[in-house]
Number of protein chains: 2
Amino acid sequence: MSEERVRATETSIRALEGLVELDGEAGVTELATHLSIAKSTVYKHLRTLESKGFVVQYGDRYRIGLRTLEFGGYARRYDGVYDTARPEVDRLAEETGELANLMFEEGGRGVYVHTASGEDAVDIDTQTGRHAHLHSTGVGKAILATLPDERIETIVDVHGLPRATPHTITAETELFEEIDAIRSEGVAYDREECVEGMFCIARPLSTPGRRPAAISVTGPVSRVATGGTEERIRTALERAGNVIELNLTA
Amino acid sequence: MSEERVRATETSIRALEGLVELDGEAGVTELATHLSIAKSTVYKHLRTLESKGFVVQYGDRYRIGLRTLEFGGYARRYDGVYDTARPEVDRLAEETGELANLMFEEGGRGVYVHTASGEDAVDIDTQTGRHAHLHSTGVGKAILATLPDERIETIVDVHGLPRATPHTITAETELFEEIDAIRSEGVAYDREECVEGMFCIARPLSTPGRRPAAISVTGPVSRVATGGTEERIRTALERAGNVIELNLTA
DNA sequence: ATTTATGTTCTCGTCTCCGAAACGCCGGTA
DNA sequence: TACCGGCGTTTCGGAGACGAGAACATAAAT
């Protein structure tokens, strides 16, 4: 396995990342100093990216282009799980009034590929495409529960178990106990392990031959963690999951 | 304005495009022959893209990675129009039961940045991130109506007026007449100009200082183009547009 | 065992990418 | 008006990476 890479490609991608780091918009000089790369180099990369729509020029400033969204659309739709699950996630948000999410696993991390806001949903920053660690979110742990143990171990080895809040699971043994519980009960909970004050109930999706995935409903502890509501959400999740799994095999 | 480009970056992007052209998935050799590029070159680019998450490896095959979706998310959210409009587009779909869309203009073309399906929505292929010509869709023409005439002319010069169906507007004078009508009436119609059998009603959005945008509702001619329904949709579009514009200035 | 496909590695000559510095342009300033 | 400091853009040369082709490894099919 050669470690040789195409340097220019990496530079271009660093430029894209730099634009994000600079709040999505930057001039040539600003980006060059941020990346510690020669101005002329950054300039040529930006022009190249611009000609392909990966970057857009507004006056003297550059932003990420919507062409990336086009590729993202393909990546997301690839195996049909998204198309199948999306309407159910939307309905989940409507039924519960909270924030509903669909997550895929890729490269050992979780990616929010769809989110839907219900009537009372918190305005938390779960933008589409956001990546998250699997061990510190409800959906993430639900996904882990669908993976074989060796895979989980590899993921933990590569990405570690970084702490997000005081409640985050950071011990491997504890994580595996939790995952066993999720496997037997079919539900995963995130008790302020990702964001303080937020509670998340998730359900793994059985997607044989396709990408690992899970769905969840998120809301403030005060609302979601109370007995009645929690059970209502669990039932809604179970129903949605069943519908999705049924439609996937059909 | 130098025409010099970074060749390696272009090659990497060609690799991504090639993956899409090969139905989203390919092996090294397959992609290399498709692109007429040496196998080893394609290999190194794929490995580089993979290390950055732009491509994912499943066994011996490569696909577009969800990292692209992350950048797409930033591009889409940039100026707040998306966040403001999205809930209204969702409601639009629910109210009308049809397919509702939000489009941005970028580089003279239209990009579907959000779509929502109502109860009876046709299952047409409007995936998020898809690019379309502005002159042949209802939303596109609505966007054109918000642009100054010189800009429209530049766009027509660059992208032409390619025909999509027998009803597509292909004459510049006719296009400008239509745009004048849209400007005075505040509504744009797509009478099977993009897809045969499909009718689309759109409304331009006033987004001063932000990206040009428009919203629309699409459905089969038989349902959407009839008097009563058409008026209902027009009213819903008008309301949604007003709410969005209000929230944008607030 | 042989064949044939694949992904991966190797090697090398050419071309290109990178960096530094110069240029042109614009807005603010005395 | 002349100056200055900032920007994006262009120029230019040398180091070095990229791209092509062929060799190698591996796996599946025959």
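This is a predicted model: local features need pLDDT of at least 70, side-chain atom pairs count only at pLDDT 80 or more; totals for chains, interfaces and linings use all residues.

Tutor: Residues are numbered from 1 along each chain as its sequence is written, chains are lettered from A and ligands numbered from 1 in the order in which they are written, and side-chain values use heavy atoms, with hydrogens and water left out.

Student: By what turn can chain A be laid on chain B?

Tutor: Copies are superposed by least squares on the C-alpha atoms of residues with pLDDT of at least 70 in both. The RMSD of chain A on chain B is 0.0 Å, with a shift of 0.0 Å along the axis and a turn of 180°. The two copies are thus related as by a two-fold rotation axis.

Student: In chain A, which residue has the C-alpha nearest the axis?

Tutor: The C-alpha nearest the axis in chain A lies 2.5 Å from it. That C-alpha belongs to Thr9(A).

Student: How many residues of chain A are in contact with chain B, and what percentage of them recur in chain B?

Tutor: Contact means heavy atoms within 4.5 Å. By this criterion, 60 residues of chain A touch 60 residues of chain B. The same surface serves both copies, and the share of chain A contact residues that recur in chain B is 100%.

Student: What area do chain A and chain B bury between them, and which three residues of chain A supply more of its part than any other three?

Tutor: Buried area is the accessible area (1.4 Å probe) that two parts lose on being put together, summed over both. For chain A and chain B this is about 5600 Å², with 62% on carbon and sulfur atoms. Of the area that chain A buries against chain B, 13% is supplied by Leu66(A), Leu69(A) and Tyr78(A).

Student: How many salt bridges and how many residue pairs in polar contact are counted between chain A and chain B?

Tutor: A salt bridge is a side-chain nitrogen of Lys or Arg within 4 Å of a carboxyl oxygen of Asp or Glu; Arg67(A) and Glu17(B) form one at 3.2 Å, N to O. A polar contact is a pair of N or O atoms within 3.5 Å; within protein, one must be able to donate a hydrogen and the other to accept it, and residues adjacent in sequence count only if both atoms are side-chain atoms. The counts are 2 salt bridges and 20 residue pairs in polar contact, both residues at pLDDT 80 or more.

Student: Which element gives the largest share of the side of chain A that touches chain B?

Tutor: Helices (H or I, at least four residues) and strands (E, at least two) are DSSP runs, numbered from the N terminus. Elements giving two or more residues to this side include helix H1 (7-21), helix H4 (67-77) and helix H5 (81-96) of chain A. The largest share, 11 residues, comes from H4(A).

Student: Which residue in the turn between S7(B) and S8(B) has a positive phi?

Tutor: S7(B) and strand S8 (residues 198-205) of chain B pair in the antiparallel sense over 4 bridges, with Ala188(B) opposite Ala202(B). The two strands form a hairpin with 6 residues between them. The residue with a positive phi, about 55°, is Glu192(B).

Student: Which residue in the turn of the hairpin of S2(B) and S3(B) has a positive phi?

Tutor: Strand S2 (residues 55-58) of chain B and S3(B) run antiparallel and are joined by 4 bridges, with Tyr58(B) opposite Arg61(B). Their hairpin has 2 residues between the strands. The positive phi, about 65°, belongs to Gly59(B).

Methods. Two strands pair if DSSP finds at least two bridges between them.
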